[in-house]
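Biologist: I have a structure to read and would like a guide. Where do we start?

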Amino acid sequence: TAFFRPDGTIHLSACAGDGRLGCCTTTSGLFFKMAGRVGDSPLIGCGLYCDGEVGSAGATGHGESCIVTVGAHTAVEFMRQGLSPTEACLATLERVVHNTRADYLRDAQGRPRNNLALYAVNRRGEVGGASLWSGSRYAVCRAGSPPRLEDSSFLFKRDA
């Protein structure tokens, strides 16, 4: 018999019609993780963050990269400065690249080997997502419209 074990993180940011915001993140954690490892999901500001005056953001992927940059909080702060949700996610990921210093985490060009994706929504209901590497997608659900998948913006294109 085959055994299927879902893995990975799911983040949800929500914006009500009146601009109220909320978010939640759930994770199965890293498969075969080291005992005692704490990922970004339970660390507020890292894997998820919501500021009712600005927006909400969350992450999936390499949690340690998100912890180092306090990724979700950083994305919300970039939105506070006027960046769109996608621009805020990309700016945060640029910090991730800058803070990826361990050789074993970088490829020959100095880029992170792992992927990290950020998703965000602001109080106006604008949404965005970005990842280190191409190929990530995120779902957008709006009242009165069918759900749709969007391609994330990215910093680096994966080789075919």
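Modeller: Start with the ground rules. This is a predicted model, in which local features need pLDDT of at least 70, side-chain atom pairs count only at pLDDT 80 or more, and totals for chains, interfaces and linings use all residues. Residues are numbered from 1 along each chain as its sequence is written, and side-chain values use heavy atoms, with hydrogens and water left out.

Biologist: How do I read the confidence, and where is it lowest and highest?
Modeller: pLDDT is the predictor's confidence in each residue, from 0 to 100. Where it is low, the predicted coordinates should not be read in detail. Here the protein averages 89, and 88% of the residues score at least 70. Strand β2 (residues 21-27) has the lowest confidence, at a mean of 86, and β9 has the highest, at 98.

Biologist: Which elements does the protein have, and in what order?
Modeller: Helices (H or I, at least four residues) and strands (E, at least two) are DSSP runs, numbered from the N terminus. The protein has 3 helices and 9 strands. Their order from the N terminus is β-β-β-β-α-α-α-β-β-β-β-β.

Biologist: What is the strand order in the open sheet?
Modeller: Two strands pair if DSSP finds at least two bridges between them. The open sheet has 5 strands, in the order β3-β4-β5-β6-β9, and its pairing is mixed. β3 (48-51) and β9 (153-156) are the edge strands, each pairing on one side only. Neighbouring strands are turned by 15° against each other on average, direction ignored. Axes here are lines fitted to C-alpha atoms, for helices over the stretch in contact, and angles run from 0 to 180 degrees between N-to-C directions.

Biologist: In which sense do β5 and β6 pair?
Modeller: β5 (residues 116-122) and β6 (residues 127-133) are antiparallel, over 5 bridges. Tyr-119 stands opposite Gly-129, and Ala-120 has Gly-128 as its bridge partner. The hairpin has 4 residues between the strands, and Gly-125 takes a positive phi near 85° there. On to the pairing of β6 and β9: this one is parallel, over 3 bridges. Trp-133 stands opposite Phe-156 in β9.

Biologist: Which helices pack on the sheet, and what do they touch?
Modeller: Contact means heavy atoms within 4.5 Å. Helix α2 (residues 71-80) touches β3, β4 (55-61) and β5, and its direction makes about 145° with that of β4. Helix α3 (residues 85-99) touches β5, β6 and β9, and its direction makes about 25° with that of β6.

Biologist: How many residues of β6 and α2 are buried?
Modeller: Buried means under 20% relative accessible area, exposed over 50%, partly exposed in between (1.4 Å probe, protein chains only). Of the 160 residues of the protein, 40% count as buried. β6 is mostly covered, with 6 of its 7 residues buried. α2 is mostly covered too, with 7 of its 10 residues buried. Among them are Val-76, Phe-78 and Met-79. The buried residues of α2 pack against β3, β4, α1 (63-69), α3 and β5.

Biologist: What makes up the largest nonpolar core?
Modeller: A nonpolar core is a set of buried Ala, Val, Leu, Ile, Met, Phe, Trp, Tyr and Cys residues joined through side-chain atoms within 4.5 Å. The largest one has 21 residues, and Ala-57, Met-79, Leu-93, Leu-116, Leu-118 and Leu-132 have the most contacts inside it. β4, α2, α3, β5 and β6 each supply at least two residues. Take Leu-93: beyond four places in sequence, its contacts include Leu-116, Leu-118, Leu-132 and Leu-155.
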